[in-house]
Amino acid sequence: MFELVKTVHVVRFLPLALCLCFFCVGSSQAQTIPELKISIEKKNYSLKEILNKISSKANIRFSYNPKRMKTDRKVDYQAIDKSVSEIMIDLAMHYDFQYSVVEDQVVLKPGAKSQKTEESLVTLHGYIRSKTDGEALIGATLFFKELKTGTVTNSAGFFSITLPAGSYEITASFIGYRPVVKTVVIPISTMENILLMEEPPVLDEIIVTPAEEDVEQVEVSKVNIKPSAVEERPALFGEMDVVKSLESVPGFKLHSEGSTFYYVRGGQRDQNLVLMDDSPIYNPSHLLGLFSTIIPDAVTDINIYKGDIPASMGGRLSSTLEIHTKKGNDQVTQIWGNLGVTSTRVGVEGPIKKNTSSYLVSGRFSRLKWIFQGLDPAINKFNFYDLTGKINFKLNSGNRIFFSFYTGADNYFSGNNGINWANRALTFRWNAILSNRLFLKTTLSASGYDYNLYTNVAEDERWNSHISNINLKSDFSYFVKPQSEITFGVGLNGYRFNPGNLQRGSINQQVSNTSVRNSLEFVLYGNQELFLNKHWGLNYGIRFSTWTNTGEAFEYQFDSAGNPLDTTYYQAGESYITFANLEPRITLQYLVNEHASLKASYMRNVQNIHLISNSISPFTSLDVWLPSSYHIQPQRADQLTLGYHDAHRQTGITWVVESFYKRMYNQIEYENHAMLLVNPLFENQLRFGTGTAYGFELQVKKEQGRLRGMAGYSYARAKRKFEDINDGRPFNAFGDRPNQINLALSYDLNLRWMFSLDWNYMTGAPYSSPISFYRFNDLETPIYGLKNNDRLPDYHRLDVSATWKLNRNLERKFKHSLTFAVYNAYGRKNSVFVNYNKTELGYRDFKIDSNLLENERVISQFFLFQVTPSVSYTFKWR
């Protein structure tokens with residue numbers, strides 16, 4: 001009984017006892033924290049550093065939970081002959097914490113504001129640009145030392161990162177530029193623009209820290225090529241070429257010698273999207289494919305996507321080549337140019353108003369007419385040209401607008417016949433910072449391509465094919481926090497297709513009867529990249545699109561045997577068929593350590609515009625485009641990718657290993673001997689099937705130092721299967737080149753001499769060879785077996801070049817250099833075609849067979865270039 005009463009009394013007086021304890025603890029604070037006066041010199045201290053100083057000087061023990069207390073945040077603080085209690089009151093205000101004295105130690109806990117996490121977060125946003133010319137540095141990194149995290153600039157050079165308020169040491173870096181390290185105090189959300197200086201040339205080898213954003217970003221199968229790397233490479237006739245530089249990228253396979261057509265991971269050449277300032281370029285080739293339309297002088301950034309194509313860039317199955325042109329130097333006027341064997345290039349850029357607006361104009365003009373007129377006096381026009389321009393205006397700190405254009409054409413006429421083709425593109429873009437976390441890029445663009453085959457120049461009689469489009473889209477980037485970014489957007493696109501009609505006269509009187517098609521496309525997409533923890537990252541998104549064909553148009557109807565049954569007409573503006581598609585994509589990343597990661601990706605792509613051409617010639621620009629319709633279903637591809645990415649700090653070397661598997665549906669082939677030109681019923685000659693591609697790719701890259709370069713190897717297969725072709729058996733796709741080896745090296749011997757070497761190898765292209773011949777009515781006819789049953793000889797080529805800077809004083813405003821190059825240095829005869837209808841009488845002496853009993857049949861091969869030397873002169877003044 002006594003024990004029970006005692007317990008009841010203890011419980012009854014427990015609240016009072018607790019109150020007395022708390023009162024005693026609170027009252028003892030002033031007594032326990034000594035009035036000892038100390039000094040702390042003015043410096044950017046973290047709370048942890050200040051507490052350690054107080055502990056050592058005043059013999060006070062501090063206790064706190066490091067997970068709840070942010071003791072790494074720095075603040076400028078100074079105390080001169082202040083008591084410890086006064087210092088603690090100051091610190092509590094500066095660092096927002098509460099403290100109490102418990103026995104012989106001071107216990108710290110977060111203050112009321114710190115417990116409300118969102119209230120203590122601020123956002124730092126801005127642009128990273130080149131100090132020399134004001135160009136946005138796309139893909140520049142911004143690293144925060146205290147947080148051990150960072151961010152990367154987007155396609156406009158914009159960054160945004162949300163973090164706790166405080167003081168941080170930041171490092172901004174970009175390949176080819178000197179890093180900037182600075183301390184910033186961010187008490188509230190603010191804008192901070194950062195300027196980087198180009199790295200001057202050096203002779204001593206340096207230790208390079210490679211760009212690790214590729215390792216840390218949750219994406220696969222993306223390759224960035226700097227325009228400076230393109231300029232360093234040896235080139236045919238000295239013509240620097242963006243598209244041809246892709247042959248150094250594993251997975252990209254050029255059609256053949258002297259061609260700009262390319263194939264990516266088993267796809268067809270029309271499954272590659274080329275974007276210049278967000279405008280599609282449908283045929284990026286000059287001189288029947290010998291050169292591309294894109295030159296690096298006016299380019300600031302080149303991105304290549306072989307897989308994991310951003311949802312904002314859909315529309316093709318295999319790849320996207322994204323090219324950003326320079327905005328123009330907004331600091332000083334500069335003029336540059338190049339005089340080569342086949343063409344002259346010249347450009348000028350400069351400020352309209354310094355730091356506010358600028359312009360750029362660049363042109364290339366061929367000088368080939370006199371060469372070919374010597375071979376054929378009937379040639380009266382033989383040229384190509386490119387013209388690129390851009391102008392931009394800074395409206396205020398958060399808004400900038402851009403206008404850019406491109407036009408290029410080829411003209412080849414002899415007598416009363418000829419061909420010409422032309423690309424045109426026009427873009428208006430508005431970049432806007434809507435808030436410190438929300439960025440908007442709105443683009444209005446238009447582009448077109450025309451091909452004309454003149455049969456009678458005097459009467460202006462020609463066969464014309466045409467494709468054009470106008471696009472309006474808005475892309476939003478919302479930077480939630482350093483570990484999360486959301487991108488989303490909407491687009492509306494209009495297309496017009498002329499698959500080929502005979503036209504006569506200046507009024508374009510249509511002679512043949514092939515329908516012009518019109519289409520509307522609506523696109524909505526969203527994507528989020530986030531880091532789940534320090535090891536796992538996730539990037540997922542979806543693209544939704546609708547494709548609608550509209551009148552005025554007509555469509556032929558066919559029976560199951562391909563015979564025409566009827567023609568259906570549609571009025572102007574009338575919608576008559578719609579396709580809707582969802583294109584999901586997801587990438588998962590595991591960060592093994594700070595320089596290595598494992599990645600896995602799935603992506604679905606849909607394509608609604610289709611190139612109709614059964615030619616395998618590398619020298620044709622006769623392109624016929626058609627939209628998805630009753631007779632052509634949208635092409636679709638599903639691709640899986642696994643990859644390992646690694647960046648070595650000491651050596652500056654990055655390397656990537658990726659394997660992929662791609663399945664393609666509704667692929668297009670043609671029946672044997674299909675007639676596509678001047679045939680309004682050509683759609684009944686199309687055949688549809690599937691494609692499969694798989695393989696692995698290895699790439700090693702070093703982008704800085706005296707020795708720079710890229711090496712790659714890939715093993716990949718590409719098969720196609722159609723019920724009505726090859727007896728329904730799978731056959732090798734034209735892009736099936738199992739083995740590919742690439743090596744590109746550049747070496748600075750000294751400040752004035754730079755040497756480059758390229759070596760490329762790939763398995764020969766598949767083709768269909770006859771298995772026998774027979775004669776009928778004195779005509780020799782080949783008999784073919786399986787499709788693509790043979791291969792051309794393996795392709796390999798070595799190119800070398802040396803660039804000599806003519807300036808002894810490299811600081812002069814006027815700089816010029818000579819480049820000596822040899823294309824195909826060891827004279828490899830790389831076959832482009834194989835002929836079976838000729839007999840060899842002697843070296844390079846052939847005749848058509850007339851009597852097989854007397855003449856032995858041999859196979860003749862056509863090649864383009866053996867050893868081809870060139871010299872070019874380049875200048876630049878600023």
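Biologist: Which residue of β44 does Lys719 stand opposite?
Modeller: Lys719 stands opposite Asn732 in β44, where strands are DSSP runs of E with at least two residues, numbered from the N terminus. This is a predicted model, in which local features need pLDDT of at least 70 and side-chain atom pairs count only at pLDDT 80 or more, while totals for chains, interfaces and linings use all residues. Residues are numbered from 1 along each chain as its sequence is written, and side-chain values use heavy atoms, with hydrogens and water left out.

Biologist: How many bridges join β43 to β44?
Modeller: Two bridges join β43 to β44, which covers residues 731–732, and the strands run antiparallel; two strands are said to pair if DSSP finds at least two bridges between them.

Biologist: And what about β43 and β45, how many bridges there?
Modeller: β43 pairs with β45, residues 739–748, in the antiparallel sense over nine bridges, and within that pairing Ser714 has Gln740 of β45 as its bridge partner.

Biologist: What lies between β42 and β43?
Modeller: Four residues lie between β42 and β43, which form a hairpin, and in the turn Gly705 has a positive phi of about 100°. The strands themselves, β42 at residues 686–702 and β43 at residues 707–721, run antiparallel and are joined by 13 bridges, with Leu698 opposite Tyr713 in β43.

Biologist: Changing topic, what is the strand order in the open sheet of five strands?
Modeller: The order is β15-β20-β21-β18-β19, with mixed pairing. The edge strands, each pairing on one side only, are β15 (222–225) and β19 (279–280).

Biologist: Which residue of β19 is the bridge partner of Leu275?
Modeller: That partner is Pro280, and β18, residues 272–276, is joined to β19 by two bridges, with the strands running antiparallel.

Biologist: One more: is Asp386 buried or exposed?
Modeller: Asp386 counts as buried because its relative accessibility is 3%, where buried means under 20% relative accessible area, exposed over 50% and partly exposed in between, with a 1.4 Å probe and protein chains only. Asp386 is found in strand β25, residues 379–396.

Biologist: Which side chains does the side chain of Asp386 make polar contacts with?
Modeller: The side chain of Asp386 makes a polar contact of 2.7 Å with that of His286, and another of 2.8 Å joins the side chains of Asp386 and Arg364. A polar contact is a pair of N or O atoms within 3.5 Å; within protein, one must be able to donate a hydrogen and the other to accept it, and residues adjacent in sequence count only if both atoms are side-chain atoms.
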